[in-house]
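Please keep the sequence and the structure in view while reading.

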Amino acid sequence: MKKTVITLADGRELFYYDSGDGEARGQYADRRPLEPMHRAAETRHDEAQGEWIAIAAQRQNRTYKPPADQCPLCPTVGDRLTEIPAPSYEVAVFENRFPSLGGPDGGRCEVVCFTSEHDKSFAGLSEARAALVLEAWTDRTADLLGRPDVRQVYVFENRGEEIGVTLAHPHGQIYAFPYVAPKMDRAITQAAAYRERTGRNLFEDIVERESAGERVIEENEHWIAFTPYAARWPYEAHLYPKRRTSDFTALDDAQRAAFPPIYLSLLRRFDGLFPAPEGRPANRTPYISAWHQAPKRAPGATTEAALHAEIFTVRRAPGKLKYLAGAESGMGAFASDTTPEQAALALRSAGR
């Protein structure tokens, strides 16, 4: 892998990741007349819930659903200037121009572009490109965890307007939190309590239990995907390395090599859940792919947490969405519209 670092016109960093020597992408300067980046976000603590909230009013002015010929994530071509100055790229990562984090309280938000092809999707990438994305995630995780203001690195992809995506170009994001996010904090607390009761690791036991059950979707020598026993979403899959690791940087060569085929297959299964009618464009299921990694400076996090992805869709049936209504939004009390066993069967069948 080749990594090239440049500085954009407003002072933000951009990283090109290439599978080989690649083109000398660093020769292309950002020609936009941008003002210096102003990081105005802040974090406030909700004492009643014990959670941190990001306040980022400047995001009201972020780019919203531009037409394809004005996409800011496509490469720069001629005088059509974008966030990426080079005329082509494989994988590019840059600081978000409209971040939720990064003010005086710390943290950072980055955008990960998986390909320069505007109409592609992650599921349509080659295995080699998926492997390069994994290398970019790993490099950014190592870099961001090394920052003194960062506690947790969260890698994720939102896809589809139903999820709230405002840029159609295939991309994901990285949030480097200056605190431990609520869901991760609860997971570590649960894992610590489980260790106290049983002397074992919670996530290792979950993987062991699920590996012999009817909720397994698919697996290979080093990874396993299953629908969890208490799934919250209509269709949900968790993807774990069979040997527990704390984050991307701890994956070994065999785990890295085995990752692209199973991850791509899993995303294609989601697309296969709701086939498009004959003669219509191929269906793309809206989803969130959320990668959990151990935070730092959290007691027991590295020894108890487990790297894994949680992938779910808000679509519960053709033309129907799962809305978070009163109980889910108001109380965080989920009610699923399908059984996890039915969802696992549907995802297995979607890959045929």
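In this predicted model, the side chain of Thr338 reaches the backbone oxygen of Pro234 at 2.7 Å. Such a polar contact is a pair of N or O atoms within 3.5 Å; within protein, one must be able to donate a hydrogen and the other to accept it, and residues adjacent in sequence count only if both atoms are side-chain atoms. Thr338 is placed in the loop between helix H6 (326-331) and helix H7 (340-350); helices (H or I, at least four residues) and strands (E, at least two) are DSSP runs, numbered from the N terminus.

Residues are numbered from 1 along each chain as its sequence is written. The model is predicted, so local features need pLDDT of at least 70, side-chain atom pairs count only at pLDDT 80 or more, and totals for chains, interfaces and linings use all residues, while side-chain values use heavy atoms, leaving out hydrogens and water.

Asp271 belongs to helix H4 (residues 253-271).

| Residue | Side chain reaches | Distance | Relative accessibility |
|---|---|---|---|
| Thr338 | backbone oxygen of Pro234 | 2.7 Å | 18% |
| Asp271 | backbone nitrogen of Thr285 | 3.0 Å | 16% |

Thr338 counts as buried because its relative accessible area is 18%, and Asp271 is buried at 16%; buried means under 20% relative accessible area, exposed over 50%, partly exposed in between (1.4 Å probe, protein chains only).

Contact means heavy atoms within 4.5 Å. Setting aside residues up to four places away in sequence, Asp271 touches Ala123, Arg159, Asn283, Arg284 and Thr285.
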